[in-house]
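Reader: Please walk me through two packing details of this model. Keep it brisk.

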Amino acid sequence: MQQVKAVIARAKGQPVELVTINVPDPGPGEALVQVQACGVCHTDLHYREGGINDDFPFLLGHEAAGVVEAVGPDVTGIAPGDFVILNWRAVCGECRACKRGDLQYCFNTHNATQKMTLADGPDAGTELSPALGIGAFAEKTLVAAGQCTKVDPSARAAAVGLLGCGVMAGIGAAINTGGVTRGRSVAVIGCGGVGVAAIAGSALAGASPIIAVDISAKKLEAAKRLGATHTVDSSQVDAIEEIKRICAETYDGADGADVVIEAVGRPETWKQAFYARDLAGTVVLVGVPTPDMKVPDLPLIDVFGRGGSLKSSWYGDCLPDRDFPMLVDLYQQGRLDLDAFVTEEIGIDDIEAAFDKMHDGDVLRSVVIL
């Protein structure tokens, strides 16, 4: 058992707190990881606001890289000293999705069995709920060994740790879920961290045109830096008509984009995505909606008549053991600019301020350095 500093959300809507927690020694199938860097993701804010569930207090942070300090009995594949990216899809290998070969849809992903707890104060001993089974706004965290993906140790932790969630979600939404390839046209609605990552993934795959849609000039500028060929300010023009116009200029007869990725998670923008795709095109929903949201007034004949596919993308349909090392190699070769996603490096006591910057659209990612 060790005691380390960590950031928790104690109650719904309350500012986060820096506390001391107890981290158990790893048991069977578990690994203790010394966290080096962890991105501040919008999902952490969802946890703080009670948008995921009510299992407070939460140990926040999940988009992280670090070094394995110790492993429990029967752990193979990783060892103390390995540099790893943490993931929240440690596939079980036993559920029906895994057995049919669709490991990216695993229904029973693994987390650590033992619980980290508060170390001091009147609530000492209270069990913590780690965000996405990770809880990496901490100097050290306990995870299932399968949540550790070993990568090139020379890579910058602040950059490659972002593959643990947002960047992988965006790149995977384009390449894995959307099937973006050379010669396909792509539009991305919503250019936060995940949306811009979808643009970077589309550029990596050779798509053209790549159309970024947002209402923020700052976000559209970031999208251009990461590979967008065109930008659309949807507060000024009709996004659907502008996407159709750009695609028709590139491909004679096109009536929209081949793939439209919705990275906001709202009914209004999903409908824009639906109607901005070409006939037989694909819509990919990677933005996370709230449970109460519905898509009203969508005629079923339009769903039938336009053909194509309507998909959702969980974690970019990734397999961490397959995708993380590949993307880190591309980063090391200079072909994937993960550094561009790191807007600032901050301390562990700066997370609440990072949430404010996220709201204001001033950052792609604030990254906590531990």
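**Helix packing**

Author: First, what covers one helix. Helices (H or I, at least four residues) and strands (E, at least two) are DSSP runs, numbered from the N terminus. The buried residues of H11 are covered by elements including strand S1 (2-9), helix H1 (42-48), strand S17 (344-346) and strand S18 (366-369). Contact here means heavy atoms within 4.5 Å.

Author: This is a predicted model: local features need pLDDT of at least 70, side-chain atom pairs count only at pLDDT 80 or more, and totals for chains, interfaces and linings use all residues. Residues are numbered from 1 along each chain as its sequence is written, and side-chain values use heavy atoms, with hydrogens and water left out.

Reader: Where do the buried residues of H11 fall, seen down its axis?

Author: Buried means under 20% relative accessible area, exposed over 50%, partly exposed in between (1.4 Å probe, protein chains only). In H11 (residues 351-360), the buried ones are Ile351, Ala354, Phe355 and Met358. They fall within an arc of 105 degrees (directions from the helix axis to the C-beta atoms), so they line one face of the helix.

Reader: Which exposed residues does the face of H11 turned away from its buried side carry?

Author: H11 ends at residue 360, and Gly361 follows with a positive phi, near 75 degrees. The face turned away from the buried side carries His359 and Asp360.
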